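Biologist: I am new to this structure and would like a close look at a single part. Please take the salt bridges and the strands around them, and explain the terms as you go.

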Amino acid sequence: MPSPNDPGPRRVPVTAPARRVCVDPQGPVLVEGPVEIVLDDGTVARSDRFMVALCTCRRSRAYPWCDTSHRRRERVDPPPGNRTPR
């Protein structure tokens, strides 16, 4: 539900180029930049990069930008020849 102070959706001229957005079900949303993101508290985060990864899991320490915190951490066992006896 929009807040009383929310100006509503912005009207974009039809001649404005479309932004490409790529959704990865296992990770972030990729948006062609530059972008401005308006957060819940009204602050604006801006990136001038050509491609931006937006966090959708809210685990990122750099939220709203993705820092790959959504990836599962897996322990990698050393190769059989390098294992130490227990």
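Modeller: R20 and E32 form a salt bridge, with their closest N and O atoms 3.7 Å apart. The two residues sit in distant parts of the chain, 12 residues apart: R20 belongs to the segment before β1 (21-23), and E32 to strand β2 (residues 29-32). A salt bridge here is a side-chain nitrogen of Lys or Arg within 4 Å of a carboxyl oxygen of Asp or Glu. Side chains of opposite charge can pair when their charged atoms come close. R20 is exposed, with a relative accessible area of 55%, while E32 is partly exposed at 29%. Buried means under 20% relative accessible area, exposed over 50%, and partly exposed in between, with a 1.4 Å probe and protein chains only.

This is a predicted model, in which local features need pLDDT of at least 70 and side-chain atom pairs count only at pLDDT 80 or more, whereas totals for chains, interfaces and linings use all residues. Residues are numbered from 1 along each chain as its sequence is written, and side-chain values use heavy atoms, with hydrogens and water left out.

By the salt-bridge rule the count comes to four. Another of them joins E36 to R46, with the closest N and O atoms 3.3 Å apart. E36 lies in strand β3 and R46 in strand β4, so this pair ties together parts that are 10 residues apart in sequence. Both ends are partly exposed: E36 has a relative accessible area of 47%, and R46 has 49%.

Strands are DSSP runs of E with at least two residues, and helices are runs of H or I with at least four, numbered from the N terminus. The protein has zero helices and five strands.

Strands β3 (residues 35-38) and β4 run antiparallel and are joined by four bridges; two strands pair if DSSP finds at least two bridges between them. Within this pairing, I37 stands opposite A45 of β4. The two strands form a hairpin with five residues between them, and G42 in the turn has a positive phi of about 95°.

Finally, salt bridges that share partners join E36, R46 and D48 into one network.
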